[in-house]
Amino acid sequence: MTIIETLIGTIAFTIFGPILGCLLAGLDRKISARMQGRVGPPLLQPYYDVRKLFEKERVTVSSTEFTYVVCALIFALIAGGIFFSGGNLLMDVFVITLSSLFFIMAAYSTRSPYAEIGASRETLQVMAYEPMVLLMAVGFYLATSSFNVDSVFGQGAPIFLKIWLVFLGVLFILTIKLRKSPFDLSMSHHAHQEIVRGMTTEMSGPTLGLVEIMHWCETILFMGWVGMFFLWDNPLSWILAIVLVILIYFLEIFIDNNFARVKWQAMLKSAWLVALVAGGINIAWLIFTMF
């Protein structure tokens, strides 16, 4: 993997990532509305909302807030470029985590009590899912003997068969990564969850528009992580991976609409327990079979 390939991947992800993420967000709203007995907004409503945000004047309570959000978006795009160009998975995990940290700093910079509470909750979410994400990278290495994502295409079978417990762990923390109920502690897209919207309480206009685009890109990246488990040297595996990614995203929407928010203590304990049991046992088994 060269810098040129990563740069090309980042440019491609910058173009197609937000487009696909916007469509997924629109599909999310549409399916959620149907589950609640409503017609729901048009499929492109997320695009209309973001376009309207960019038409507004940029007003911020902190001069550094916009800078932090821009940095968070840039690192999210780089993380997507690294992954979809077949780069180093461990580096990809570190870069997307750096994006989350810049987003947290953006919320803290506003000095709003609501935003600071949201930022502290986001920090707890990072602490909850990060162990499992790192174990995913370790499990991937043990299954393929490489951290490079494109190494899955040299496998004779999907790596899911070797690290299926790790996959279940990733599936659990995916709900936290996507900020969906019951783990949408830092900010929520559901109006009934809270009066103010956590981390983005003080964000408006283009700043909030960039946050929405970043969330679209994160969604595509995380669903790419899911699809990675089902790819191997057979071209037909792409069809299987895409179908399973769609089904899993539908499952996330179903969970989001049917489970109430839990306390941060429950999130932290459950995520670490899953990482210890699912990730720990699977990796220990792989290491044992290697020797």
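Ring pairs join Phe 160, Phe 167, Phe 229 and Phe 230 into a cluster, a pair being two rings of Phe, Tyr or Trp (its six-membered ring) with centres within 6.5 Å. The structure is a predicted model, in which local features need pLDDT of at least 70 and side-chain atom pairs count only at pLDDT 80 or more, whereas totals for chains, interfaces and linings use all residues. Residues are numbered from 1 along each chain as its sequence is written, and side-chain values use heavy atoms, with hydrogens and water left out.

By this rule the count of aromatic pairs comes to 13. One of them is formed by Phe 153 and Trp 238, which are stacked at 5.7 Å centre to centre with 20° between the planes; planes under 30 degrees apart count as stacked, over 60 as edge-to-face and the rest as tilted. This pair links distant parts of the chain, since Phe 153 lies in the loop between α5 and α6 and Trp 238 in helix α8 (residues 237-258), 85 residues apart. Helices (H or I, at least four residues) are DSSP runs numbered from the N terminus. Phe 153 is partly exposed because its relative accessibility is 36%, and Trp 238, at 46%, falls in the partly exposed class as well. The classes are set by relative accessible area: buried is under 20%, exposed is over 50% and partly exposed is in between (1.4 Å probe, protein chains only).

Helix α6 is largely enclosed by the rest of the structure, because ten of its 14 residues are buried. The buried residues include Phe 167, Val 170, Leu 171, Ile 173 and Leu 174. Packing of the buried residues of α6 involves α4 (89-109), α5, α7, α8 and α9 (264-290), where contact means heavy atoms within 4.5 Å. The end C-alpha atoms of α6 are 19 Å apart, which agrees with the 20 Å that its 14 residues should span at 1.5 Å a residue; the expected span is 1.5 Å times one less than the number of residues. Arg 179, which follows α6, has a positive phi, near 55°.

A search of the whole structure finds one cavity of 30 Å³ or more. On a 1 Å grid over the protein atoms alone, a cavity is a set of points where a 1.4 Å probe fits but cannot get out, and lining residues have an atom within 4 Å of a point. About 50 Å³ of space lies in the largest cavity, a volume being the space filled by probe spheres set on the grid points. Its lining consists of Ser 100, Glu 122, Gln 125, Tyr 129, Ile 176, Lys 177, Arg 179, Glu 218 and Phe 222. Two or more lining residues are given by each of α5 (113-144), α6 (164-177) and α7 (205-228), and α5 provides the largest share, three residues. By class, the lining has three nonpolar, two polar and four charged residues; Ala, Val, Leu, Ile, Met, Phe, Trp, Tyr, Cys and Pro count as nonpolar, Asp, Glu, Lys and Arg as charged, and the others, Gly among them, as polar.

Two further residues were examined individually. Ser 109, in helix α4, is buried with a relative accessible area of 15%. Neighbours within four places in sequence aside, Ser 109 is in contact with Ser 62, Thr 64, Glu 65 and Tyr 68. Arg 58 is found in the loop between α2 (45-54) and α3 (65-84) and, at 44% relative accessibility, is partly exposed. With the same exclusion of neighbours within four places, Arg 58 is in contact with Phe 66, Pro 206 and Thr 207.

Methods
On a 1 Å grid over the protein atoms alone, a cavity is a set of points where a 1.4 Å probe fits but cannot get out, and a pocket is an open set with protein on both sides within 12 Å along at least five of seven lines; lining residues have an atom within 4 Å of a point.
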